Amino acid sequence: MIAVIKNGTTTAQIQHLVDWLKHMDLDVHISAGKEVTILGLIGDTSRVDMELLGSLEIVESVKRVSEPFKQANRKFHPNDTVITVGDAKIGGGHFGMIAGPCSVENEEQIIGVALAVKASGANILRGGAFKPRTSPYAFQGLKDEGIHLLLKAKEASGLPIITEIMNISALDLFADVDIIQVGARNMQNFDLLKELGKTKKPILLKRGLANTLQELLMSAEYIMSEGNENVILCERGIRTFETSTRNTLDLSAVSVLHELSHLPVVVDPSHATGKSRLVTPMACAAAAAGADGIMVEVHNNPACALCDGAQSLTPAQYDVLCDKVRKIREAIR
Ligand code: PEP
Ligand code: MN
């Protein structure tokens, strides 16, 4: 349920109402915009007398929110959420250019790629240290050493970093990581989501291989309901009957998620297509669709990459991508 507060209401009056609602065992989310303040009521709202609430002097209107996701809902929070990491911002008109290798492999590789993608226009460096691989015999990532090398690349390039967590027991290693990624395979690892919700770190939540957008938003809700509102949603392709690409990029997710939620939406054309030649066109399409950022795999030598070489761009190809994406963003502004 949401209550829209009349213009000109004082903070003390709003607080008085919030205290009254909290007395009914409800959580109250306050969204104080420039024009309007909205109170989002979370919990068992069946006991709230809508007529009574709506008749209060300071209340403009009261509406039930039928969607099961509340804090991620745009009705609770009409303005776009903007996530800030280092010098980068994502959401509300700010664009995140996230790039880097699938996996951190060695110091020379990660620092080399970091400096190259930064020169092309990336504002966040990616690199996997804990890798969720389909085969237990495939390279599993450098783990703590990978994070250590990523931090060296952060220092060398000045770029904030994002890397994936697979198990909450590794959380201490992520103290200096700027954005924690929850991979597609863990989108519904609810215990992991709840623990990440207790941190204040921005979380990039990838859509599961076979999950609906509502399920993605419910997973975001798990993080937010624990107090962490810094969530970035990521469309990375879903499983369909189509076999010519690794997954099927669902670009309509960008518009649908923007309608339903205030959270920023990033597109990953690398895992969506699985083919390097398709990455730049799909990155352009994502920018044209209004995405808040693009996450792309870039490797100094894709042919020798320990993971996902076939979908990795060279730094020179990434440079072309950045140029095209910039032009598209200017064209749609
Ligand atoms: C990744 O970004 O490194 C990754 C493993 O992606 P996904 O979880 O989307 O498969
Ligand atoms: Mn990958």
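Two residues are in contact when heavy atoms of theirs lie within 4.5 Å of each other. In this predicted model, leucine 205 meets that criterion with Val182, Met187, Leu193, Leu216, Ser219, Ala220, Ile223, Val231, Ile232, Leu233 and Cys234, once neighbours within four places in sequence are set aside.

Leucine 205 also belongs to the largest nonpolar core, which holds 62 residues. Together with Val117, Leu125, Leu233, Tyr318 and Leu321, Leu205 is among the members that touch the most other members of this core. Helix α6, residues 213-224, supplies the largest share of the core, namely six residues. Another core, of 16 residues, lies apart from this one and includes Val18, Leu21, Leu39 and Ile58. In soluble globular proteins, nonpolar side chains tend to be buried together.

Several N or O atoms of the protein approach oxygen atoms of the ligand. The side chain of arginine 126 places an N or O atom 2.8 Å from an oxygen atom of ligand 1, and for the side chain of glutamine 181 the corresponding distance is 2.9 Å. Alanine 184 contributes through its backbone, where an N or O atom lies 2.8 Å from a ligand oxygen atom. On its own, ligand 1 has 300 Å² of accessible area, and the protein covers 97% of that area.

Is lysine 206 buried or exposed? Lysine 206 counts as buried because its relative accessibility is 4%, and buried means under 20%. Its side chain forms a polar contact of 2.7 Å with the side chain of aspartate 268. Beyond residues up to four places away in sequence, lysine 206 touches Gln181, Val182, Gly183, Ala184, Met187, Leu216, Cys234, Arg236, Asp268, His271 and Met295.

Leucine 204 is also in strand β11. With a relative accessible area of 0%, leucine 204 is buried. Its contacts, not counting residues up to four places away in sequence, are Ile98, Ile162, Ile179, Ile180, Gln181, Val182, Ile232, Cys234, Val266 and Met295. Between the C-alpha atoms of leucine 204 and lysine 154, 50 residues apart in sequence, the distance is 18 Å.

## Positive phi angles in two loops

Most residues other than glycine have a negative phi. Aspartate 25 has a positive phi of about 70°. This residue lies in the loop between α1 (11-22) and β2 (27-32), and aspartate 25 counts as exposed because its relative accessibility is 66%, above the 50% limit for that class.

Lysine 143 likewise has a positive phi, near 55°. Lysine 143 is placed in the loop between β8 (124-126) and α4 (144-157). With a relative accessible area of 36%, lysine 143 is partly exposed.

## Buried residues in helices and a loop

Serine 157, in helix α4, is buried at 4% relative accessibility. Apart from residues up to four places away in sequence, serine 157 touches Ala114, Leu115 and Lys118. Alanine 287 lies in helix α9, residues 276-288, and is buried at 2% relative accessibility. Not counting residues up to four places away, alanine 287 touches Phe95, Ile294, Val325, Ile328, Arg329 and Ile332. Alanine 287 and threonine 84 are 203 residues apart in sequence, and their C-alpha atoms are 20 Å apart in space.

Cysteine 307 is found in the loop between β14 (293-297) and α10 (315-332). Cysteine 307 counts as buried because its relative accessibility is 5%, where buried means under 20%.

Definitions and conventions:
Residues numbered from 1 in each chain as written. Chains lettered and ligands numbered in written order. Predicted model: local features only at pLDDT ≥ 70, side-chain atom pairs only at ≥ 80, totals over all residues. Heavy atoms only, no water. Core = buried A, V, L, I, M, F, W, Y, C linked by side-chain atoms within 4.5 Å. Buried < 20%, exposed > 50% of the residue type's maximum accessible area, 1.4 Å probe, protein only. Helix = DSSP H or I, 4+ residues; strand = E, 2+ residues; numbered from the N terminus. Polar contact = N/O pair within 3.5 Å; in protein donor to acceptor, adjacent residues only side chain to side chain. Areas by Shrake-Rupley, 256 points an atom, 1.4 Å probe, with all protein chains shown as cover.
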